[in-house]
Amino acid sequence: MKYFLILLFLGGSLTVFAQTNIDGNWKGTREAPNGAYEINYTFKVDGKTLTGMMRTSFAEVKLDNGTIDSNKFTYSFTYNGTTIKSKGEILSENEILIKNQFGEMKLTRVKS
C-alpha cells in the first residue's frame, strides 16, 4: 500500500510539472461589438517567470509582470494607456483559459 501511494504521488507530481509547459504559440477568438477577432499569444517560461507577446489585427503588445505557478499564471499588458491584468489556467497540454475584465477566452496551442 505504501508503494502504491508513493507511485500515485510521483505520477501526480509529473502531471502537474508537464502542465506548466505553455512555451510557444497559442490562439483564441474574442467577441467584440463589431464582430469576433483572433488573438495570438507567444508565451515563454523561465522558472516561475512568464514573458511573451499578444498580437491582434489592432496591435502587438508585450506581456508584463508574468508569473506561473503549477497550472496557474498571471500577466498584465498595457494598451492605449490602460493596464489589463489577466489570470490564466492550463486546462490541458493544448488548451488554456484566460480571464480578465473582458471575460473568459480559451486558447488552443498552435502546432508548428
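Two strands count as paired if DSSP finds at least two bridges between them. The legends below describe a predicted model.

**View 1. Strand E1 pairs with strand E9.** E1 (residues 24-30) and E9 (103-109) run antiparallel and share two bridges. Lys27 stands opposite Thr108 of E9.

**View 2. E1 and E2 form a hairpin.** E1 also pairs with E2 in the antiparallel sense, here over seven bridges. Gly24 has Phe43 of E2 as its bridge partner. Six residues lie between the two strands, and Gly35 in the turn has a positive phi of about 115°.

**View 3. The largest nonpolar core holds 20 residues.** Ile22, Tyr41, Phe43, Phe73, Tyr75, Ile96 and Leu107 touch the most other members. Two or more core residues come from each of E2 (37-46), E3 (49-55), E6 (72-79), E7 (82-92), E8 (95-100) and E9 (103-109). E2 gives the most, with four residues. In soluble globular proteins, nonpolar side chains tend to be buried together.

**View 4. Strands contribute to the lining of the largest pocket.** E2, E4 (60-62), E6 and E7 each supply at least two lining residues. E2 gives the most to this lining, with three residues.

Terms used:
Residues are numbered from 1 along each chain as its sequence is written. This is a predicted model: local features need pLDDT of at least 70, side-chain atom pairs count only at pLDDT 80 or more; totals for chains, interfaces and linings use all residues. Side-chain values use heavy atoms; hydrogens and water are left out. A nonpolar core is a set of buried Ala, Val, Leu, Ile, Met, Phe, Trp, Tyr and Cys residues joined through side-chain atoms within 4.5 Å. Buried means under 20% relative accessible area, exposed over 50%, partly exposed in between (1.4 Å probe, protein chains only).
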